[in-house]
Amino acid sequence: MIRYYELLSKNRRIDVDKFSCEVGTGVHIPVTIFVGNQGISYVTESNSSESHVVNFHQILEINILPLDAKRTAVYLHCDVDMEPVIITCKTPKTAYEVATLIDGYARLYANKKSSIFKPIDPEAVSRRASLASYASLTSTSVGPGSGSVVGSGGGS
């Protein structure tokens with residue numbers, strides 16, 4: 001059985017969950033995001049080298065924000081000296097799957113005592129709210145800027 005996984009791992013990453021994405025919330029640049037025990041990283045279709053985004057111990061809180069009728073953002077509040085990380089998903093279900101997966105890894109690998117995923121009541125946030133105004137609604141200060149990287153996806 002171990003030999004099977006050794007052969008499989010030469011052609012395919014089996015230590016991560018991956019999602020087809022788009023970078024940011026407004027730009028539509030296709031990427032693949034990887035979530036695994038080493039943290040969160042991504043590759044673009046034009047560049048096959050993997051870029052590391054964040055480690056689980058750097059994530060302080062996770063929220064989900066509906067952007068419009070189709071897209072939903074997973075908002076990762078990180079250490080104060082870091083920009084927030086935004087993962088835009090095609091469906092609320094995918095956003096929930098990404099958020100709970102990252103929460104699970106954070107609890108396991110960063111020794112978080114409780115869940116850092118804080119679901120937000122969709123009625124409390126306008127569906128048309130910008131990410132900048134959303135940042136002011138949250139209780140965690142994450143520093144300047146409207147966020148960085150990662151995209152919209154469906155799990156595979």
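Predicted model: local features only at pLDDT ≥ 70, side-chain atom pairs only at ≥ 80, totals over all residues.
**Helix 2**

Helix 2 spans residues 92-109 and comprises 18 residues. From its first C-alpha to its last, helix 2 reaches 25 Å, close to the 26 Å expected at 1.5 Å a residue. Eight names make up the list of its buried residues: T94, A95, V98, A99, I102, D103, Y105 and A106. Viewed down the axis of helix 2, these buried residues fall within an arc of 170°, so they line one face of the helix.

The buried residues of helix 2 pack against several strands, namely strand 1 (16-22), strand 2 (30-36), strand 3 (39-44), strand 5, strand 6 (72-78) and strand 7 (85-89). On the face turned away from this buried side, helix 2 carries the exposed residues K93 and L108. After helix 2 comes N111, which has a positive phi, near 55°.

**Strand 2 and its partners**

Strand 2 is largely enclosed by the rest of the structure, because 5 of its 7 residues are buried. Strand 2 is joined to strand 1 and also to strand 3, as set out below.

| Strand pair | Bridges | Direction |
|---|---|---|
| Strand 1 and strand 2 | 7 bridges | antiparallel |
| Strand 2 and strand 3 | 6 bridges | antiparallel |

D17 has V35 of strand 2 as its bridge partner, while T32 stands opposite V43 in strand 3.

**Residue Q58**

Q58 lies in the loop between strand 4 (51-54) and strand 5 (59-66). Although Q58 is in a loop, this residue has a relative accessible area of 17%. Q58 therefore counts as buried, since the cut-off for that class is under 20%. The side chain of Q58 reaches the backbone nitrogen of N55 at 2.7 Å. Leaving aside residues up to four places away in sequence, Q58 touches H77, C78, D79 and M82.

Definitions and conventions. Residues numbered from 1 in each chain as written. Heavy atoms only, no water. Helix = DSSP H or I, 4+ residues; strand = E, 2+ residues; numbered from the N terminus. Buried < 20%, exposed > 50% of the residue type's maximum accessible area, 1.4 Å probe, protein only. Polar contact = N/O pair within 3.5 Å; in protein donor to acceptor, adjacent residues only side chain to side chain. Contact = heavy atoms within 4.5 Å. Expected span 1.5 Å × (residues − 1). Arc of directions from axis to C-beta. Pairing = 2+ DSSP bridges.
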